[in-house]
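This briefing goes through selected features of one structure, grouped by topic. The sequence and the model come first.

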Amino acid sequence: MSKNKSSESVKVVVRCRPLNRKEESNGPAGCIVQMDLRLGQVILRNPRAPASEPQKTFTFDAVYDANSKQGDLYDESVRPLIDSVLAGFNGTIFAYGQTGTGKTYTMQGAWMDPEKRGVIPNAFDHIFTHISRSQSDKQYLVRASYLEIYLEEVLDLLDPNHGNARALELRESPESGVYVRDLTSCVCKSIKEIEEVMNVGNQARAVAATDMNEHSSRSHALFLITVECSQPGPDGRKHIRVGRLNLVDLAGSERQAKTGVQGERLKEAAKINLSLSALGNVISALADGRSGHVPYRDSKLTRLLQDSLGGNAKTVMVATLGPAPQHYDETLTTLRYANRAKNIQNQPRVNEDPKDALLREFQMEIARLRAQLNHRKWRTKQKKEQVDGEGWERDGDEETEGEEDEEEGVEKDAEEYVKLEEQRLEREKQDIREDQFMLAEEKQRLLGEKEKMMGVLRKEQEATEQLTAKYKAMESKLLVGGKNIIDHTNEQQKMLEGKRHEIAEQTRSEREIQQQMLVRDDETVELRETFTSLQQEVEAKTKKLKKLYAKLQCIKAEIQDVNDEHVRSRQELEQTQNELTRELKFKYLIIENFIPPEEKNKIMNRLTFDPEEDQWKFQPLVPAESKSSSQMKKRPASAVGYKRPISQYARVAIAMGAHSRYRAENIMFLELDMTPPNSASLDRSAESEPNQSHSLDNSPTKDRGVRKSRSWCQTPKSITSSSSNVSLAACHTATPMTAQ
Ligand code: ADP
Ligand code: MG
């Protein structure tokens, strides 16, 4: 399977966008980023530092300044990667940087303007042009998927009901690494089709966000292209190579302000940080090379990019910068991040004959359909021979003709045969009608038979047509090399493109040599110097000392910066932790005070953690294997042996053989009220003695109007509530408890 065991590092290029109108009007502070295109260096000036402070310099595989063209970046840094994908490697391009620095511009750009088309549309052109120019013995299948990761959920952007679509799960297989289960994948036959797929996804993304900028700076978008290519190998068998290309537009890398956020927003902030900081941790762990554990599983993004970072893919990272002084800190962080990523080593290898290649399935299905069609053709041929009784003008050797001729032949044969058959049946029907000696009944029967035969014939023809259509649709999905998908065969244009590649290649190698020379210069300066006098030697060494001192200062400043950065991110993490702890305490309080302990235990015993989905889940109440059997749940301990939970008091009462009432406990004991209704008339004359008539206090006559109710569990006690005072007191005297 592996073709190329040698490792190669992640290519890191940096691009700086021009100042925008608002920044230009902000004043003369100007641009803080300078670029040396020849050396591939970025020089960053700290706008807050004194002029004497040395500027920070970073070296990358390539740098693109504000005047750079989309085409330059593509030809120099992306084209070789896409070529590798077409050769069967996995490839990834991801844009990283603060919001508004040109990630989307670099990845997508302005589609309508050929000058401003970004990496993705240029890659579409590249892939389909390559296919159209390749040899005719190659077959290709191109598929595209589009997804986004928002709040740690993977969402399918090509799902027709994206709005209420479920989050997708990540799965891992030894064959194709980490993949997204049930992700829509569209077979694309042309640039137009794949652009359509991209548009559909972009629209879904726009709909999902009320505020596009807000949403896009918080979600990661991944466009995935799979190119499968089959080509006959030296062994005569068809071999399939599968190249997977991930085009990633990451969320804005700026720190999300977390102060004062709560609930959903807090969760969101924590999760955005999670994905990007997990990416940072993965890059650090890989660049460091010493730590054995790489925390890929910490976030969805890092799991999906597992192959691209330290895996078997070729990777290009485009770090985007803004030139404005107010974003100095973010720019510096981006450059550090990018600088670290340079050290990641990948082991790219060609995916040859993977088991899950869709192209193989397509080829098999096409072969099956072709066999069916051939069988039909053979049957038609036989029937035709029977019909006209003479030799078939297209005989056996036509099998060796081209496949297309064969297909056309099948259709023609079928049509011809049907026509002939129809004519024959029509003729026979005519004969029957004209036959003077035949009975009318007999005529009718024979005509019916002929009709039936014609029906069968037509059905057969329809089936053949359907089969042919299916076969053609299936076959059209496979792109054959050498066929013109787009007219790119213009030799001059080809040559022009070739020259452009050469120039790009040359620029790249020149830059590499320059960079190497710079490193060597420092090392060899001492060797080259010969001193004629002591004075000269002192001067030279002083110069060198100064240079080294400046370097030392730079490194010290760098260490200080890194420490500051570390402290800052630590503080932020602590703050997030405090906020999350506070929320946890709040939830605990509710659980401890409002959920009965036994219920809580029951729930906790049922919970299990699913690391695949990073979620707590409820175990089913009845184990899956015993679902079919009629196994009952265990009765609660309080109800063992009884119909329902029963109190201790009632159990004792039953044991003592007391009133049968206690076999069904917890029921109010109500005695039938046999007293006549209380109809005392209001005595006006009693107004003079209000205390007597209105007071209910301890008046024995008033007892009769009160319902005597008792619960078996109530012990006699006086209740001091003013309204129920009399009634209950009366009740105690009237009905002594039966149990006592
Ligand atoms: P991001 O995706 O990083 O948030 P965008 O790609 O949306 O940023 O870019 C923000 C703005 O800057 C857009 O209006 C875009 O046209 C402009 N822009 C970015 N990079 C460049 C560039 N290299 N040249 C010209 N305009 C650019
Ligand atoms: Mg963007």
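This is a predicted model: local features need pLDDT of at least 70, side-chain atom pairs count only at pLDDT 80 or more; totals for chains, interfaces and linings use all residues.

Residues are numbered from 1 along each chain as its sequence is written, chains are lettered from A and ligands numbered from 1 in the order written, and side-chain values use heavy atoms, without hydrogens and water.

**Aromatic rings**

- Tyr96 and Tyr337 are stacked, at 4.1 Å centre to centre and 5 degrees between the planes.
- This pair connects distant parts of the chain, 241 residues apart: Tyr96 belongs to strand β7 (residues 90-97) and Tyr337 to helix α9 (residues 328-341). Helices (H or I, at least four residues) and strands (E, at least two) are DSSP runs, numbered from the N terminus.
- Tyr96 has a relative accessible area of 5% and is therefore buried; Tyr337, at 8%, is buried as well. Buried means under 20% relative accessible area, exposed over 50%, and partly exposed in between (1.4 Å probe, protein chains only).
- Phe609 and Trp616 form an edge-to-face pair, with 5.2 Å centre to centre and 65 degrees between the planes.
- Phe609 is partly exposed at 40%, whereas Trp616 is exposed at 57%.
- Trp111, Phe124, Tyr146 and Phe223 are linked by ring pairs into a cluster.

**Ligand 1**

- The residues around ligand 1 (a heavy atom within 4 Å) include Arg15, Arg17, Pro18 and Gln98.
- By class, this shell holds two nonpolar, six polar and three charged residues. Ala, Val, Leu, Ile, Met, Phe, Trp, Tyr, Cys and Pro count as nonpolar, Asp, Glu, Lys and Arg as charged, and the others, Gly among them, as polar.
- Helix α3 (residues 103-107) supplies the largest share of the shell, three residues.
- An oxygen atom of ligand 1 lies 2.7 Å from a backbone N or O atom of Gly100, and one is 2.7 Å from a side-chain N or O atom of Thr104.

**His239**

- His239 lies in strand β14 (residues 238-249) and is buried, because its relative accessible area is 18%.
- Beyond neighbours within four places in sequence, its contacts (heavy atoms within 4.5 Å) include Cys229, Ser230 and Glu352.

Technical notes
A polar contact is a pair of N or O atoms within 3.5 Å; within protein, one must be able to donate a hydrogen and the other to accept it, and residues adjacent in sequence count only if both atoms are side-chain atoms. Rings of Phe, Tyr and Trp (its six-membered ring) pair if their centres lie within 6.5 Å; planes under 30 degrees apart count as stacked, over 60 as edge-to-face and the rest as tilted.
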